[in-house]
Amino acid sequence: MGHTILKQFVTMPRTVGAICASSPALCEMVIDEINIENAKSVAELGPGTGVVTEHILRRIPSDANFFVVEVCQGMIDKFKKHYPDVKLYPNCASKLPEMIRKEGVDHLDTIVSGLPWASFPGSLQDSILDAIVETLKPGGTFTTYAYLQGLILPAAKRFRKKLEAHFSVVKKSPVVWKNVPPALVYRCRK
């Protein structure tokens with residue numbers, strides 16, 4: 001899987017934000033403390049090859065409505081090989097309200113994101129965050145992660161402010177050192 005991610009990162013750096021797959025430690029940190037075990041409706045944005053998906057599938061209820069959203073065709077092809085039974089929308093995450101209508105759900109309990117936020121222009125960040133807030137139920141959770149070395153950049157500071165403007169609660173996890181590169185998780189609540 002790592003070769004696919006590196007290839008997509010080099011050829012499409014605006015849609016793929018990593019050079020290698022997230023570690024098991026980061027995957028677990030992404031879905032810890034968000035009550036995913038009791039979620040009835042869950043979406044994963046930017047699943048890439050599906051390393052976080054595997055952890056989600058282990059912990060969500062068997063009857064939960066779960067789907068993923070991915071725009072990078074190379075990642076879609078790889079994802080579908082590993083998870084042919086997971087519903088995948090090949091669309092921009094800003095279209096999330098349309099997707100939940102197709103799913104027949106009013107709101108999502110949990111949204112997990114592997115999107116490369118730092119590579120998106122501010123307007124796209126806003127439209128995706130607006131869609132996330134619109135589709136989350138009151139009290140619903142949104143998690144995403146950021147790489148440690150990027151946190152000092154102005155774009156990362158702007159993104160953190162956007163999270164705080166969109167959500168009532170924004171918490172940072174401890175640094176996940178067992179990841180390349182080290183990362184931390186933002187846990188947000190509507």
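This is a predicted model: local features need pLDDT of at least 70, side-chain atom pairs count only at pLDDT 80 or more; totals for chains, interfaces and linings use all residues.
Local features require pLDDT of at least 70 and side-chain atom pairs count only at pLDDT 80 or more, whereas totals for chains, interfaces and linings use all residues. Residues are numbered from 1 along each chain as its sequence is written, and side-chain values use heavy atoms, with hydrogens and water left out.

Seven strands form an open sheet with mixed pairing, in the order E3-E2-E1-E4-E5-E7-E6. Strands (E, at least two residues) and helices (H or I, at least four) are DSSP runs numbered from the N terminus, and two strands pair if DSSP finds at least two bridges between them. Strand E3 (87-89) and strand E6 (169-172) are the edges, each pairing on one side only. On average, neighbouring strands are turned by 20 degrees against each other, direction ignored. Within the sheet, E1 (residues 41-45) and E4 (residues 108-113) run parallel and are joined by four bridges; Glu 44 has Val 112 in E4 as its bridge partner.

Two helices lie across these strands. H3 (residues 51-59) lies across E1, E2 (65-69) and E4, at about 170 degrees to E1. H6 (residues 122-135) lies across E1, E4 and E5 (136-147), at about 145 degrees to E5. Such angles run from 0 to 180 degrees between N-to-C directions, with axes fitted as lines to C-alpha atoms, for helices over the stretch in contact.

H6 also packs against other helices. Its axis and that of H5 (residues 96-103) come within 8 Å and cross at roughly 35 degrees. In this contact (heavy atoms within 4.5 Å), Leu 96, Pro 97 and Ile 100 of H5 meet Ala 131, Ile 132, Glu 134 and Thr 135 of H6. The axes of H6 and H7 (residues 154-166) come within 11 Å and cross at roughly 30 degrees. H6 and H7 are therefore roughly parallel to each other (angles under 35 degrees). Here Gly 122, Gln 125, Asp 126, Leu 129, Asp 130 and Val 133 of H6 meet Phe 159, Lys 162, Leu 163 and His 166 of H7.

Phe 159 also belongs to an aromatic pair. Rings of Phe, Tyr and Trp (its six-membered ring) pair if their centres lie within 6.5 Å, and planes under 30 degrees apart count as stacked. The count by this rule is eight pairs. Trp 117 and Phe 159 are stacked, 4.8 Å centre to centre with 25 degrees between the planes. Trp 117 lies in the loop between E4 and H6 and Phe 159 in H7, so the pair ties together parts that are 42 residues apart in sequence.

Notes. Angles under 35 degrees count as roughly parallel, over 145 as roughly antiparallel, 65 to 115 as roughly perpendicular and the rest as oblique. Rings of Phe, Tyr and Trp (its six-membered ring) pair if their centres lie within 6.5 Å; planes under 30 degrees apart count as stacked, over 60 as edge-to-face and the rest as tilted.
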